[in-house]
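Hi,

Here is the structure I promised to pass on.

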Amino acid sequence: MLFKRLHRQFTALCALITMAILSLFSVLYLSVSERTLWENRTLSFQHDFDTLCGSLEQQTAITHSFLLRMEQNSGSLIFLWDNHSPFAFNDLAGHEPYLEQAERLYSDYLALFSSPGYTKVTNGRIISCTGEQIVGITTIFTGQMSGAQKAVSLQQGQGLVFLLLSPGDAYHERILRQRILFLLLSLGGCGALTLFAYLFTGRLLMPVRESQKRQIDFVNGASHELRTPLAVIISAAQARPPHFEETVRSEALRMGRLVDELLLLSRMDAQNLRPEGIPADKRQAIQPDTLLLDAFESLEPLVRDRGKTLRLSLPEKPLPRLKGDPDRLRRLLEILVENALAYTGENGLITLSLESSSAGELLFRVQDNGIGIPRESQDKIFERFYRVDSAHHSREHFGLGLSIAREIMKLHGGSIEVTDAPGGGSIFLCRFPV
Ligand code: ADP
């Protein structure tokens, strides 16, 4: 439930951020592109107008067919006044707004003509009126249409005035098409990004989910292990059997050992979560052969007492020092040797050896000739509370030893693995990076 909510919230957050970024970039791109389109349209209109002006000025007689051809070429509407009379040559049905605009512009011209000395800047073009002659070009550029008007040899109100109006429909259509395309692309992009965010955050949360599952399994396992000695103590307290005190004592000791192992694991979990790993006051440069020799000397009597043999094999030349926590490394070797002891029969032989790999890694090896570990369990034995055959297990074993060993190796930046020993038994190999 918690993960589902977290997943939804993360997805929504990622989707919102990506949508905001995508929309911002789309709007920026559209505004730049629309501005460029507008500028191109203005330039092309001015070019058309200049061409038209040039052609008109060169004509001695202006014919209908010439004007119609010019209209067609420029894709615009041409209006012409010859000595104040409109020169009708084209069909303006359906173009009433342009006609109105053209008449307005023309009357502006006439008004200008009656105010001598007038100079005005319109859209960057200068119109000046000397009272004698209006020279210049006025241009209008609106969203709806582009327009330009020029008076040619207009003396005392006489002369030729022509006006070019270019409908903005094509431009608007292009802008609209571009906006729709961007809207669709943005919607598609947002959908794809939301899906990606959903899958990505799902993957991102996976380790958290797994860690919580491990935590729950751990608490379940611990409660289960603690319940057994408690049940024994309670029933012994009720029935008061002959060795009541002894039973309570041994069960309490068992519980104490379990609690110690649980505490150790939880402390190492905390250390493994810290970026520095092993605390600085515990970290030392350790001579690996000395470490193995110490472990051998302290464990050998125990192995011998059980009628089994512990051997030590050290390399001839000294190996590089290892940076780590000597107490934890001793515990690692104890766990591996105690397991080897527990899972070997008579004539048990346990070999503790040290070597360096071709890649320069330091290798601790604990080999036994015991019962071995089935292939399908070899990955699982490092999990907490996992035992290969829990039904036939001594109550002294909680299934925590190898998970502690793995945490110790993680703390030292190394790894632990198990393989079958030739001729039966198991080999536990601990790799320390150089
Ligand atoms: P336990 O306290 O039960 O020994 P461990 O985590 O140390 O827990 O080991 C997990 C399981 O792996 C054991 O229950 C046992 O079945 C198997 N195992 C560990 N070491 C050996 C070994 N040297 N030989 C055979 N089986 C082993």
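The ligand has 20 residues around it, and Asn 339, Tyr 343, Asp 368, Gly 399 and Leu 402 come nearest ("around" here means that a heavy atom of the residue lies within 4 Å of the ligand). This is a predicted model, where local features need pLDDT of at least 70 and side-chain atom pairs count only at pLDDT 80 or more, while totals for chains, interfaces and linings use all residues. Residues are numbered from 1 along each chain as its sequence is written, and side-chain values use heavy atoms, with hydrogens and water left out.

Now the polar contacts (pairs of N or O atoms within 3.5 Å). Asn 339 puts a polar side-chain atom 2.8 Å from a ligand oxygen, and His 397 has a side-chain N or O atom 3.0 Å from an oxygen of the ligand. For Asp 368, a polar side-chain atom sits 3.0 Å from a ligand nitrogen. Of the 520 Å² of accessible area that the ligand has on its own, the protein covers 96% (Shrake-Rupley method, 1.4 Å probe).

On to the strands, which pair if DSSP finds at least two bridges between them. E11 (residues 349-356) pairs with E9 (residues 309-313) in the parallel sense over five bridges, and seven bridges join E11 to E12 (residues 362-368), antiparallel this time. Ser 353 in E11 stands opposite Ser 313 and has Arg 365 as its bridge partner in E12.

Cheers

Note on methods
Helices (H or I, at least four residues) and strands (E, at least two) are DSSP runs, numbered from the N terminus. A polar contact is a pair of N or O atoms within 3.5 Å; within protein, one must be able to donate a hydrogen and the other to accept it, and residues adjacent in sequence count only if both atoms are side-chain atoms.
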